[in-house]
Amino acid sequence: MQTLIGKKIGMTRVYDADGVQVPVTVVQVGPCTVVQRKSKAADGYEAVQLGYGEQKEARLTKPQQGHFKKAGAKPAKVLREVRVAADEGARPGDVVTAKIFEGVKYVDVLAHTKGKGFQGVVRRFKFGGGRASHGGGWLRKPGSIGNREWPARIFKNKKLPGHMGSGDVTTQNLRVVQVLADDHALLLEGAVPGPVGGIVVVRKAIKKA
Amino acid sequence: MKTALLEKIEQSQLKEKAPEFTVGDSVRVHVKIKEGDKERIQVYAGTVIARDGGGANETFTVRRISFGEGVERVFPVHSPYVAKVEVERRGVARRAKLYYMRKLTSKQSRLKEVQE
C-alpha cells in the first residue's frame with residue numbers, strides 16, 4: 001500500500017541538479033494511522049482505512065470514539081479507505097509516514113477541486129463563442145444546440161452552462177521532485193487540484209512507474 | 001500566507017550570498033551558458049528596471065539597447081545560472097519599476113548617479 005492522506009501547502013519553485021527551475025506544489029502527507037483493516041470475509045472487499053490529522057476526542061460521537069479505540073489509534077480528522085491486495089500486511093494501529101514514497105518517481109493525487117459556481121460554456125467547456133464584429137449577435141452563447149423536427153429534442157450530455165468545479169478529480173503522473181521524510185512532505189512537479197489547505201490523497205502512480 | 005514548511009523549503013533554495021543591487025543600477029550579469037557538456041560565462045549588461053516577487057521566487061529585469069533595439073531579460077535572483085551580478089553604476093530611481101524607460105530614447109533614459 002503506497003497511499004497517504006495529506007494537505008496541500010502551496011506552490012513555490014526549486015532548482016534541480018542542473019540548476020533548472022522546477023515549479024512544485026508542496027504537499028504534506030501523513031503520518032497516517034491504520035484505523036481499520038477491511039477484509040473480503042468480513043466486509044466483502046479488501047481495504048485499509050487510514051486516519052489523518054488530530055482531532056479532539058470530545059468532538060467525536062461515542063461510536064466514533066469506540067472505532068478509534070478499537071484500533072488503538074488517536075482520533076483523526078479525516079478517514080479515507082484505500083483498496084489493497086489480500087496479502088497486505090498493514091494492521092490497525094500501524095503508523096504510515098512519507099518514507100513510503102522514497103524511491104517513487106510518479107504519483108497520482110486525488111482531491112476536491114475549487115468550486116467555480118455557475119459558469120457559461122466559454123469558461124466551462126472552452127467554447128470559442130461568436131465574433132464581436134461583422135454582425136456578431138452572439139458573443140459567449142453556446143449557439144445552436146440541436147436540429148429541428150428530427151430528433152425534436154436535445155441530446156443528453158449536451159454541453160451547456162451549469163455548475164463547474166467542486167468535484168473529485170485525480171491528477172495522474174505527477175513527478176516526485178523530492179521527498180522530505182522529516183517534514184512529512186513531498187514536492188510534486190506542477191499543480192495539484194484543490195485549494196491551499198485542502199485534503200488530498202497521494203498514491204503511487206498506477207499508470208507510470 | 002506562507003506556512004513554516006513552505007518558508008523552510010524556499011530558504012533552502014536561496015543563495016547564501018544573494019547579489020546586492022537595486023532598481024536603477026547599471027549591472028553586468030554573468031550568466032552561465034551550457035553548450036553540450038561545456039560551460040561558459042556570458043555577460044549581459046544593462047539597467048535594472050524592476051525587481052519582482054520575494055523569497056525563492058524573486059526575479060529582476062535588466063534592460064539594454066542592443067543594436068538599436070530595446071532588449072529586456074528577466075533573471076531569477078537565486079538561479080544557479082546567474083553566477084555573479086556586478087554593479088557598474090548606481091542610478092537614482094524614484095520609483096520601484098522603471099517601465100517608463102521603455103518609451104524614452106537612449107539619451108533621455110540616462111539616470112543620475114547616486115551621490116554618496
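What follows is a short chat about a predicted model with a chain A and a chain B.

Visitor: Can we start with chain B, and what is its secondary structure?
Guide: This is a predicted model, and in it chain B has one helix and five strands, which follow one another along the sequence in the pattern α-β-β-β-β-β.

Visitor: And what does chain B span along its principal axes?
Guide: The C-alpha trace of chain B spans about 45 × 40 × 30 Å along those axes, and of the 116 residues in chain B, 34% are buried.

Visitor: How many residues does each chain bring to the contact between them?
Guide: Chain B gives 16 residues and chain A gives 17 residues, and the area buried between the two chains is about 1400 Å², with carbon and sulfur atoms giving 60% of that area. On the side of chain B, the residues that lose the most area to chain A are B:Leu5, B:Ile9 and B:Gln13, which together account for 36% of what that side buries.

Visitor: How many salt bridges are there across that interface?
Guide: The rule finds one salt bridge between chain B and chain A, and A:Asp183 forms a salt bridge with B:Lys8 in which the closest N and O atoms are 2.8 Å apart. Helix H1 of chain B, residues 4-13, supplies the largest share of the side that touches chain A, namely six residues, and that side as a whole divides into seven nonpolar, six polar and three charged residues.

Visitor: Switching topic, which residues touch the most other members in the largest nonpolar core?
Guide: That core has 27 residues, and those touching the most other members are A:Leu50, A:Val107, A:Leu188 and A:Val202. Beyond its neighbours within four places in sequence, A:Val202 is in contact with several residues, among them A:Leu4, A:Val27, A:Phe101 and A:Leu186. There is also a second, separate core of 12 residues, including B:Val29 and B:Phe75.

Visitor: Where is A:Ala85 found?
Guide: A:Ala85 lies in the loop of chain A between strand E5 (76-83) and strand E6 (95-96), and apart from its neighbours within four places in sequence, A:Ala85 is in contact with A:Arg37 and A:Glu46.

Visitor: Why is A:Ala85 called partly exposed?
Guide: The relative accessible area of A:Ala85 is 45%, and because buried means under 20% and exposed means over 50%, a value in between counts as partly exposed.

Visitor: How far apart in space are A:Ala85 and A:Gly197?
Guide: From C-alpha to C-alpha, A:Ala85 and A:Gly197 are 31 Å apart in space, while in sequence they are 112 residues apart.

Technical notes:
Residues numbered from 1 in each chain as written. Chains lettered and ligands numbered in written order. Predicted model: local features only at pLDDT ≥ 70, side-chain atom pairs only at ≥ 80, totals over all residues. Heavy atoms only, no water. Contact = heavy atoms within 4.5 Å. Buried area = accessible area lost by both parts, 1.4 Å probe. Salt bridge = Lys/Arg side-chain N within 4 Å of Asp/Glu carboxyl O. Helix = DSSP H or I, 4+ residues; strand = E, 2+ residues; numbered from the N terminus. Nonpolar A, V, L, I, M, F, W, Y, C, P; charged D, E, K, R; others polar. Core = buried A, V, L, I, M, F, W, Y, C linked by side-chain atoms within 4.5 Å. Buried < 20%, exposed > 50% of the residue type's maximum accessible area, 1.4 Å probe, protein only.
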